Structure formats: C-alpha cells, structure tokens
Amino acid sequence: MLYTIIPYEVIFEKKEEYTVMNYSELKLGNKTLLVERLSEGKYLIRNMFSTNPYDYLDKSYSPGNIIFL
C-alpha cells in the first residue's frame, strides 16, 4: 500500500510501455550468467552470479561483454 499525495496515475503511468527483455540463464562451470540473446549463438552478459569471488575478477564474464556459444 502506498501512502502518498501523488496520484496513482502519475506513479504507474507507463506500466504498459515496458518491454519484456529476452533474458535467460546460462550455467558455465560454477558461474551462472544472466544473458540476453542477440542472435544465434551470440549473447550479451547482463549479470553474473557466483559464490567464488575470483570469478568476478575475470573480465571476460563482466556485464556488457558479448559471448559466443
């Protein structure tokens, strides 16, 4: 519940305009990557999840990089 003086129409005015991105999760070793498919076999990394802190130092899996599978 929202307690505000701002009308709900202003807060939620563009709810229908959001586009659903085509995200999927890929498991590579002990890393889980949240990726967006660009084309066949080409993926843009959006986020990486890992319990190993050294995985985050690997720049090839940082968000914004493109991987080919």
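Predicted model: local features only at pLDDT ≥ 70, side-chain atom pairs only at ≥ 80, totals over all residues.
Isoleucine 11 counts as partly exposed, with a relative accessibility of 37%. That value falls between the limits of 20% and 50%, and therefore the residue is neither buried nor exposed. Isoleucine 11 is located in helix H1, which covers residues 8-11. If residues up to four places away in sequence are not counted, isoleucine 11 touches Leu2, Thr4 and Ile6.

Let me now turn to the chain as a whole. Helix and strand assignment gives 1 helix and 4 strands, and from the N terminus these elements follow the order α-β-β-β-β. The chain has 69 residues, of which 19% are buried. Its accessible surface is about 5,800 Å², and carbon and sulfur atoms account for 57% of that area. As for contacts between residues at least 6 apart in sequence, 20% of them join residues at least 24 apart.

The next topic is the sheet. Its 4 strands form an open sheet in the order E1-E2-E3-E4, and the pairing is antiparallel. Strand E1, residues 23-28, and strand E4 each have a single partner strand and stand at the edges, so one side of each has no neighbour in the sheet. From one strand to the next, the twist averages 45 degrees.

Consider the pairings individually. Strands E2 and E3 are joined in the antiparallel sense over 7 bridges. Within this pair, leucine 34 has asparagine 47 in E3 as its bridge partner. The hairpin of E2 and E3 has 2 residues between the strands, and glycine 41 adopts a positive phi near 80 degrees there. Strands E3 and E4 are also antiparallel, over 3 bridges. Here leucine 44 lies opposite isoleucine 66 in E4, and lysine 42 lies opposite phenylalanine 68 in E4.

I come now to the nonpolar core. Which residues make up the largest nonpolar core? There are 6 residues in all: Leu33, Val35, Tyr43, Ile45, Met48 and Ile67. Strand E2, residues 31-39, and strand E3 are the elements that contribute two or more residues to this core. The greatest contribution is that of E3, with 3 residues. In a regular strand, side chains alternate between the two faces of the sheet.

Leaving aside neighbours within four places in sequence, valine 35 is in contact with Asn22, Tyr23, Ser24, Leu26, Tyr43, Leu44, Ile45 and Arg46.

Where does aspartate 55 lie? Aspartate 55 is in the loop between strand E3, residues 42-49, and strand E4, residues 66-68. Is aspartate 55 buried or exposed? Its relative accessible area is 9%, and because the limit for a buried residue is under 20%, aspartate 55 is classed as buried. The side chain of aspartate 55 makes a polar contact, at 3.3 Å, with the side chain of asparagine 30. Apart from neighbours within four places in sequence, the contacts of aspartate 55 are Asn30, Lys31, Met48 and Ser50.

Technical notes
Residues numbered from 1 in each chain as written. Heavy atoms only, no water. Buried < 20%, exposed > 50% of the residue type's maximum accessible area, 1.4 Å probe, protein only. Polar contact = N/O pair within 3.5 Å; in protein donor to acceptor, adjacent residues only side chain to side chain. Contact = heavy atoms within 4.5 Å. Areas by Shrake-Rupley, 256 points an atom, 1.4 Å probe, with all protein chains shown as cover. Pairing = 2+ DSSP bridges. Axes fitted to C-alpha atoms, helices over the stretch in contact; angles between N-to-C directions. Core = buried A, V, L, I, M, F, W, Y, C linked by side-chain atoms within 4.5 Å.
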